[in-house]
Amino acid sequence: METNEIVIPGSQLKKLFAKKYEPIIEKYDLRPVEIDILVFLYKQKNADTAKDIIQRKHLSKAHVSKSVDNLRERGFIKITEDEEDRRILHICLTEESDDVVEMALSALKECRDIMQSGVSREDIETTKRVLHIMAENISKELE
């Protein structure tokens, strides 16, 4: 398997996400990374710090910092200090983010349905397993 056989579908998927996110971007004046952060916070109940977002989404510290500031200013998130360690700041969604998250989850489902159309459950499971192994191999090499 050549690397472009993985990269090209990945870039096509990124374009599909951008297309499906357009109505959200236009309606709420958000950047795709900000939408991704809101969805991340919604889905990952035990990962609610900027550090968690940086590590799990593989985003730069500056990107996350700017996005978190913008989301907080817009009222989509609130930030609270950890009760035991004041250096840790927890990020949580506000009710203002509900519609954005709902629209984003719907867009992501559409993307998943498009991507998996005509693909058997068995092939999806095999692909997930293979991609997981590939990701582990890359992570080991980068350590």
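1. Start with helix 2. In this predicted model, the cover over its buried residues includes helix 1, helix 3 (50–57), helix 4, strand 1 (77–81), strand 2 (89–93) and helix 5. The buried residues of helix 2 are Val33, Glu34, Ile35, Ile37, Leu38, Val39, Phe40 and Leu41. Note that Glu34 is among them.

2. The geometry of helix 2 checks out.

3. Next, the core. The largest nonpolar core holds 24 residues. Helix 1 (4–28), helix 2 (32–43), helix 4 (61–73) and helix 5 (98–116) each supply two or more of its residues. Helix 2 gives the largest share, seven residues. In general, nonpolar side chains of soluble globular proteins tend to be buried together.

4. Which residues have the most contacts inside this core? They are Leu30 and Leu38. Leaving out residues up to four places away in sequence, Leu38 touches Leu30, Leu71, Phe76, Ile77, Leu93, Ser97, Val100 and Val101. Leu38 itself is one of the buried residues of helix 2.

5. Now the loop between helix 2 and helix 3, where Lys45 lies. Is Lys45 buried or exposed? Lys45 has a relative accessible area of 60%; the cut-off for exposed is over 50%, so Lys45 counts as exposed. A polar atom of the Lys45 side chain lies 2.6 Å from the backbone oxygen of Tyr42.

6. One distance for orientation. Lys45 and Val101 are 56 residues apart in sequence, and their C-alpha atoms are 14 Å apart in space. Val101 is also among the residues that Leu38 touches.

Note on methods:
Residues are numbered from 1 along each chain as its sequence is written. This is a predicted model: local features need pLDDT of at least 70, side-chain atom pairs count only at pLDDT 80 or more; totals for chains, interfaces and linings use all residues. Side-chain values use heavy atoms; hydrogens and water are left out. A nonpolar core is a set of buried Ala, Val, Leu, Ile, Met, Phe, Trp, Tyr and Cys residues joined through side-chain atoms within 4.5 Å. Buried means under 20% relative accessible area, exposed over 50%, partly exposed in between (1.4 Å probe, protein chains only). Helices (H or I, at least four residues) and strands (E, at least two) are DSSP runs, numbered from the N terminus. Contact means heavy atoms within 4.5 Å. A polar contact is a pair of N or O atoms within 3.5 Å; within protein, one must be able to donate a hydrogen and the other to accept it, and residues adjacent in sequence count only if both atoms are side-chain atoms.
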